[in-house]
Amino acid sequence: MTQTSAFNDPSSAAGRPTEPVPLAGPGGLPFLELSNGFGRATVCLQGGQVVEWHPAGQAEPVLWVSDAAQYGPGKRIRGGIPVCWPWFGAHATDPSGAAHGFARNRTWEARALRRLPGGGTQLVIALPDDPSLRSLWPHAFGLELHVALGTTLEVVLQTRNPGPDPFTFSEALHTYFRVGDIEAATVTGLDGATYSDSADGGQRKRQCGPVRFEGEVDRVFVDSEGDCAIVDPVLGRRIVIAKSGSRSTVVWNPWPAKAQRLGDLGAGRAGRGGWREMVCVESGNALDNVVTLGPGEAHRLVARYAVEAL
Ligand code: TA6
């Protein structure tokens with residue numbers, strides 16, 4: 001029997017209090033749970049990582065979290081919405097720099113909870129700046145994540161430059177979505193877009209039709225500002241990914257060999273490999289699309305997820 005992560009268990013979607021409920025979750029990490037008439041979302045303050053979104057009426061959660069995810073201080077959690085910031089991928093100059101930046105390895109703080117018109121709930125969390133981070137990244141910064149649970153899940157990553165000099169950063173909401181079977185799923189909305197194929201030496205290629213999964217897929221689409229959708233005939237749903245403030249889209253599935261190397265994608269619900277039940281469609285700004293902020297400027301990366309029946 002595959003152990004079901006607390007965030008994957010469809011049977012746990014029962015009604016819960018509507019205020020964020022602080023939870024001491026796996027690994028003793030601090031979590032906040034939001035629930036309202038639209039569903040439930042759970043955020044881990046370690047990494048500022050949304051680890052669950054279960055819309056009311058959906059049999060399956062929309063986000064995927066590995067049943068072998070590691071939970072502990074400074075550890076990245078495999079699944080949900082890791083925050084890649086202030087760099088996407090490997091560090092530009094320091095090979096020892098944490099992949100996808102340091103924001104996902106540090107503890108964030110809850111800053112505000114707002115009731116939204118129409119009954120939604122918005123949680124604001126922030127990554128405190130810390131002079132010790134200058135060795136990793138030589139700029140003062142402000143970084144907030146706004147998570148709004150309503151008919152959609154809206155996630156905003158807001159970067160601010162409080163300092164006297166411009167800085168350039170790359171970023172992504174590295175979102176893991178649950179699918180019934182990756183081999184049956186496709187990603188639409190990228191036809192004709194140029195991508196860097198990380199699974200083929202970073203070669204530049206053009207997407208022809210929907211993205212299909214017949215092997216490892218690791219594509220960074222550049223100058224890609226449109227909406228995407230994950231078409232999942234097994235779960236009978238389409239997950240629509242709308243965005244603004246994002247010019248890069250990343251599509252990733254490791255396939256079994258890389259999943260084996262990564263070691264924490266788990267066995268999956270069907271015991272045929274967790275890699276088979278997930279796909280990442282990430283909204284970000286990377287490669288050709290890095291962002292430069294002048295003194296006092298701010299940037300908002302907005303991703304809005306919705307689920308439709310097929
Ligand atoms: O976004 C795709 C990617 O860059 C892949 O190349 C793979 O490395 C994935 O991110 C996971 O990275 P992580 O550091 O979370 O294991």
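This is a predicted model: local features need pLDDT of at least 70, side-chain atom pairs count only at pLDDT 80 or more; totals for chains, interfaces and linings use all residues.

Modeller: Residues are numbered from 1 along each chain as its sequence is written, and side-chain values use heavy atoms, with hydrogens and water left out.

Biologist: Why is P73 called exposed?

Modeller: The word exposed applies over 50% relative accessible area, buried applies under 20%, and partly exposed covers what is in between, with a 1.4 Å probe and protein chains only. P73 has a relative accessible area of 73%, and therefore it is exposed. P73 sits in the loop between β4 (49–55) and β5 (83–84), where strands (E, at least two residues) and helices (H or I, at least four) are DSSP runs numbered from the N terminus.

Biologist: What is P73 in contact with, leaving aside its neighbours within four places in sequence?

Modeller: Contact means heavy atoms within 4.5 Å, and on that basis P73 is in contact with L29 and Q46.

Biologist: What makes T186 count as buried?

Modeller: T186 has a relative accessibility of 13%, which is under 20%, so T186 counts as buried. T186 belongs to strand β13 (residues 186–188), and, not counting residues up to four places away in sequence, T186 touches P210, V211, R212, F213, A229, I230 and V231.

Biologist: How do you know that β6 and β16 are edge strands?

Modeller: Two strands pair if DSSP finds at least two bridges between them. The open sheet of nine strands has the order β6-β7-β8-β9-β23-β19-β18-β13-β16, with antiparallel pairing, and β6 (109–115) and β16 (211–212) are its edge strands, since each pairs on one side only. Within this sheet, β7 (residues 121–127) and β8 (residues 142–149) pair over seven bridges, and L127 has L143 in β8 as its bridge partner.

Biologist: What makes a set of residues a nonpolar core?

Modeller: The set must consist of buried Ala, Val, Leu, Ile, Met, Phe, Trp, Tyr and Cys residues joined through side-chain atoms within 4.5 Å. The largest such core has 65 residues, and W85, L145, L153, L173, F177 and Y305 have the most contacts inside it. Apart from it lies another core of eight residues, including L29, F31, A69 and Y71.

Biologist: What is remarked on in the peptide bond from W85 to P86, and in the phi of H100?

Modeller: Most residues other than glycine have a negative phi, and most peptide bonds are trans. The bond from W85 to P86 is cis, with omega near 0 degrees, whereas H100 has a positive phi, near 65 degrees. P86 lies in the loop between β5 and β6, and H100 is also found in that loop. With a relative accessible area of 13%, H100 is buried.

Biologist: Why is the largest pocket called a pocket?

Modeller: On a 1 Å grid over the protein atoms alone, a pocket is an open set of points with protein on both sides within 12 Å along at least five of seven lines, and lining residues have an atom within 4 Å of a point. The largest pocket has a volume of about 670 Å³, and of its 33 lining residues F88, G89, A90, A99 and H100 are the closest to its centre.

Technical notes:
On a 1 Å grid over the protein atoms alone, a cavity is a set of points where a 1.4 Å probe fits but cannot get out, and a pocket is an open set with protein on both sides within 12 Å along at least five of seven lines; lining residues have an atom within 4 Å of a point. Grid points are joined across faces, edges and corners, and a volume is the space filled by probe spheres set on the points.
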